[in-house]
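Subject: Structure handover

Hello,

Here is the structure I promised to pass on. Please open it and keep it beside you while you read my notes.

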Amino acid sequence: MDKSWMHSDRRSKAYELGVEVFLQFSVENLLTTTHIRCPCVKCANLKLFGVGIIRDHLYFNGVDQSYKNWTFHGEPWEPIATSNASRNVEEDDDHSRYSFVSEEIEMDDNDFGDFGSDPYEFANVIEDGDQPLYPGCRKYTKLSALVKLYNLKAKHGMSDVCFTELLILQGELLPEGNTIPASKYEAKKTLCALGLSYEKIHACPNDCILYRKEYEDSTNCPTCGISRWKETKDGFLKEGVAAKVLWYFPPIPRFKRMFQSHETAKNLTWHAARKSIDGQMSHPADSPSWKLVNDKWPEFGNESRNLRLAISSDGFNPHSSLSSRYSCWPVILVTYNLPPWLCMKRKFMMLTLLISGPKQPGNDIDVYLEPLIDDLKSLWDGIRGVYDAHIGEYFTLRAALL
């Protein structure tokens with residue numbers, strides 16, 4: 001394949017055609033348009049992006065001219081003669097390692113399209129969590145500072161332009177060598193790698209149905225006939241603006257993330273390693289329901305990494321005015337595998353659904369649980385290709401709702 005364009009002027013027609021040929025080659029071999037390693041000078045095949053962003057990077061930053069074998073993009077490995085033999089071996093090992101990872105990910109039939117399914121990409125996020133905000137800083141890391149700044153943006157309704165200017169100002173005020181991103185785009189790239197995705201699902205204002213599956217394209221509720229769209233004070237319908245919305249935060253990508261943390265993956269099997277010394281119930285693993293699951297489905301109980309879950313929900317008033325009767329309902333998922341001192345900690349209590357008001361759903365809450373139940377069924381059947389950082393292997397994750 002002709003790779004001479006890599007040495008051409010970025011403004012030339014040859015470079016433009018070469019970029020398009022490279023992108024087409026990558027998509028055909030990797031069978032994806034969203035998770036491709038970027039070979040620009042800055043990214044150096046360490047970061048994954050979609051085709052559009054990679055195209056921009058190749059024009060703005062230029063292509064890494066040392067990347068002669070496109071091994072990360074589907075080209076067969078061809079060792080290049082060089083005076084440094086150890087370098088060839090090292091590159092070959094890297095290629096084998098990343099090829100193995102990509103093959104395992106392609107095997108995952110239950111990939112929900114979350115960002116960063118590659119554990120090596122998640123490892124980069126962990127590194128950001130350990131990286132000080134600036135040389136000598138002990139209070140904040142790059143990731144913790146970024147999360148706090150993003151919380152400020154959300155809390156005060158900051159525009160993207162304002163947030164970008166704030167990041168630039170912060171970078172100028174902090175000492176040299178600081179790791180603050182220079183734009184909202186760069187900040188979002190770091191946070192997206194955490195897999196914090198969500199879905200907005202339209203709902204009937206009378207809690208009859210969710211507009212998903214067979215009702216996805218409907219404009220009126222088939223049960224009560226009310227419109228899907230919000231009605232103005234003048235009685236007009238604002239087409240495209242839902243009258244009621246369910247916020248869904250898929251738990252499967254987050255369970256994958258938990259196992260990609262070495263310490264958390266170890267804690268998720270704590271219940272199997274511990275020993276009850278007094279014969280009393282000190283953990284849900286000592287309960288009759290836990291043992292019943294083990295007896296009824298031994299293949300499930302024999303894998304200590306399989307999850308035992310609980311669901312909890314209650315309404316609250318998100319407004320500061322106590323006179324408001326607005327009721328918002330979160331649905332929380334709790335993981336019983338964890339030790340007692342972690343099980344009910346805030347960071348391990350997983351928000352899965354946020355049911356908007358103004359009134360409480362009551363017995364109709366089962367309508368809103370549909371997407372969560374679908375994911376729980378998938379978890380019971382098994383999610384293949386989950387990476388366990390503690391043991392260093394891929395396994396099939398299953399879960400049961402106690």
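**Salt bridges**

Searching the whole structure turns up 13 salt bridges. Keep in mind that this is a predicted model. Side chains of opposite charge can pair when their charged atoms come close.

Start with glutamate 75 and lysine 3. Their side chains form a salt bridge, with 2.8 Å from N to O. Glutamate 75 sits in the loop between helix H2 (51–60) and helix H3 (85–106), while lysine 3 sits in the segment before helix H1 (13–30), so this pair ties together parts 72 residues apart in sequence. Are these two residues buried or exposed? Glutamate 75 has a relative accessibility of 13%, so it counts as buried. Lysine 3 is buried too, at 17%.

Next, look at glutamate 20 and arginine 55. A salt bridge joins their side chains, at 2.9 Å from N to O. Glutamate 20 belongs to helix H1 and arginine 55 to helix H2, so the pair links parts that lie 35 residues apart in sequence. Glutamate 20 is partly exposed, with a relative accessible area of 33%. Arginine 55 is also partly exposed, at 26%.

Then find lysine 153. Which residue is its salt-bridge partner? The partner is aspartate 160, and the closest N and O atoms are 3.2 Å apart. The two ends of this bridge have their own labels. Lysine 153 counts as buried, at 13% relative accessibility. Aspartate 160 is partly exposed, at 37%. Elsewhere, salt bridges with shared partners connect Arg212, Lys213, Glu370 and Asp374 into one network.

**Strand S8**

Now go to strand S8, residues 329–335. How many of its seven residues are buried? Seven of the seven are, so the strand is largely enclosed by the rest of the structure. In a regular strand the side chains alternate between the two faces of the sheet. You can follow that here. Trp329, Val331, Leu333 and Thr335 point one way from S8. Pro330, Ile332 and Val334 point the other way, and all of these residues are buried.

Strand S7 (residues 307–313) pairs with S8 in the antiparallel sense, over five bridges.

**Glutamine 260**

Glutamine 260 is found in helix H8, residues 251–260. Its relative accessible area is 11%, so glutamine 260 is buried. What does its side chain touch? A polar contact of 2.9 Å joins it to the side chain of arginine 257.

**The whole protein**

Finally, step back. The protein has 15 helices and 12 strands. Of its 402 residues, 41% are buried. Take the contacts with a separation of 6 or more: residues 24 or more positions apart account for 56% of them. The protein exposes about 22900 Å², and carbon and sulfur atoms supply 53% of that area.

Best wishes

Methods: Residues are numbered from 1 along each chain as its sequence is written. This is a predicted model: local features need pLDDT of at least 70, side-chain atom pairs count only at pLDDT 80 or more; totals for chains, interfaces and linings use all residues. Side-chain values use heavy atoms; hydrogens and water are left out. Helices (H or I, at least four residues) and strands (E, at least two) are DSSP runs, numbered from the N terminus. Buried means under 20% relative accessible area, exposed over 50%, partly exposed in between (1.4 Å probe, protein chains only). Contact means heavy atoms within 4.5 Å. Accessible areas come from the Shrake-Rupley method with a 1.4 Å probe; for residues, only the protein chains shown count as cover. Two strands pair if DSSP finds at least two bridges between them. A polar contact is a pair of N or O atoms within 3.5 Å; within protein, one must be able to donate a hydrogen and the other to accept it, and residues adjacent in sequence count only if both atoms are side-chain atoms. A salt bridge is a side-chain nitrogen of Lys or Arg within 4 Å of a carboxyl oxygen of Asp or Glu.
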